[in-house]
Amino acid sequence: MDNYFAIEAIDLTKVYGSGNTEVIAMKNASLQLKRGEIAALLGPSGSGKSTFLTAVGLINPPTSGTIIIGGQLVMEGQQSQTNLRSFRRQHIGYVFQKSNLIPFLTALENVQISLELNGNSKRESQDKAQQLLDELGIGERSDNLPSMLSGGQQQRVAVARALANQPNVILADEPTAALDSKRGRQVMELFAQVAHTRGAGVIVVTHDHRALDVFDTIYEMEDGMMHQEL
Ligand SMILES: Nc1ncnc2c1ncn2[C@@H]1O[C@H](COP(=O)(O)OP(=O)(O)OP(=O)(O)O)[C@@H](O)[C@H]1O
């Protein structure tokens with residue numbers, strides 16, 4: 001089927017530095033994620049999880065390997081095959097450990113701005129942002145600045161922002177690290193729902209083994225190598 005995979009990462013390797021200071025952070029890491037599938041990425045500190053996620057997120061290119069997103073070849077080694085900036089904005093939603101909301105914009109404006117950056121009118125963006133916040137259960141807090149929201153609410157706004165442009169791919173780097181286990185689980189369930197209902201491919205880096213049942217697939221990194229858990 002055309003575009004059956006949200007992400008195909010093939011033999012990704014990343015080398016930082018050279019000579020004595022060379023670090024091989026990722027070695028031939030491969031992963032195939034279908035649309036509608038949510039995968040957890042586990043592994044000890046320093047095993048290469050962030051390196052993998054930022055490579056696939058087109059933030060930090062691999063030294064070698066191939067990245068195909070939504071059926072389109074985007075990276076061949078360090079060579080980009082498309083305009084990475086606009087590709088990223090249109091197709092990839094990123095959620096970080098801390099919500100990284102813009103502190104002087106309201107919850108609504110934080111979501112609205114990413115829609116406007118993608119060419120939607122102000123009015124359209126406002127309506128769509130409000131609708132997303134409503135769907136995520138924080139619509140009544142849309143006028144609040146991030147500092148007035150709890151960690152879990154801020155993370156919901158960050159998820160709304162990541163979903164705003166209906167990306168094929170959502171990448172989350174320890175999105176629940178700042179949350180208690182109940183709220184952490186809610187955020188994980190939200191990602192699973194987004195994958196299953198919107199057909200996005202979602203990868204979540206996590207250290208939290210308590211919510212692993214929400215994932216369709218579990219990958220683990222060790223010393224830069226990727227394994228799929230059976
Ligand atoms: N910019 C960099 N320059 C040099 N080495 C780096 C750089 N970024 C990461 N590394 C090294 O690459 C390896 C993998 O790091 P990475 O951040 O991908 O691990 P991680 O699994 O995400 O760790 P954590 O769970 O602690 O966030 C580590 O040995 C790290 O020290």
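Which element gives the largest share of the shell around the ligand? In this predicted model, that element is α1, with three residues. The shell consists of Tyr16, Gly17, Val23, Ala25, Gly43, Ser45, Gly46, Ser47, Gly48, Lys49, Ser50 and Thr51. Two elements, β2 (23-34) and α1 (49-56), each give two or more residues to the shell.

Strand β1 (residues 5-16) pairs with β2 in the antiparallel sense, and eight bridges join the two. Tyr16 of the ligand shell stands opposite Val23 in β2. Six residues lie between β1 and β2 in the hairpin. One of the turn residues, Gly17, has a positive phi of about 70°, and Gly17 is also among the residues around the ligand.

A further part of the structure is an open sheet of six strands, with mixed pairing, in the order β7-β8-β9-β3-β10-β11. In general, strands of a sheet pair through backbone hydrogen bonds, and the pairing is either parallel or antiparallel. Strands β7 and β8 (residues 169-173) run parallel and are joined by four bridges. Val95 has Ala172 in β8 as its bridge partner.

Helix α5 (residues 151-163) packs on the sheet and touches β7 and β8. The direction of α5 makes about 165° with that of β7. The helix has 13 residues and reaches 18 Å from its first C-alpha to its last, close to the 18 Å expected at 1.5 Å a residue. The buried residues are Gln153, Gln154, Gln155, Arg156, Val157, Ala158, Val159, Ala160, Arg161, Ala162 and Leu163. What covers them includes the strands β7 and β8 and the helices α3 (107-117), α4 (122-135) and α6 (181-198).

His91 is found in helix α2 (residues 84-91). It counts as buried because 20 other C-beta atoms lie within 10 Å. Apart from its neighbours within four places in sequence, His91 is in contact with Ile69, Gly70, Pro167, Asn168 and Val169. His91 and Ala6 are 85 residues apart in sequence, and their C-alpha atoms are 10.0 Å apart in space.

Two loops hold residues with a backbone angle worth checking. Most residues other than glycine have a negative phi. Glu174, in the loop between β8 and α6, has a positive phi near 45°. Asp223, in the loop between β10 (217-222) and β11, is not a glycine either, and its phi is positive at about 50°. Are these residues buried or exposed? Glu174 counts as buried, because it has 20 C-beta neighbours inside 10 Å. Asp223 has 13 other C-beta atoms within 10 Å, so it is partly exposed.

Conventions: Residues are numbered from 1 along each chain as its sequence is written. This is a predicted model: local features need pLDDT of at least 70, side-chain atom pairs count only at pLDDT 80 or more; totals for chains, interfaces and linings use all residues. Two strands pair if DSSP finds at least two bridges between them. Two residues are in contact if their C-beta atoms, placed from the backbone, lie within 7 Å. Axes are lines fitted to C-alpha atoms, for helices over the stretch in contact, and angles run from 0 to 180 degrees between N-to-C directions. The expected span of a helix is 1.5 Å times one less than its number of residues. A residue is buried if 20 or more other C-beta atoms lie within 10 Å of its own, exposed if 12 or fewer, and partly exposed in between; C-beta atoms are placed from the backbone. A residue is near a molecule or strand if its C-beta atom, placed from the backbone, lies within 6 Å of it.
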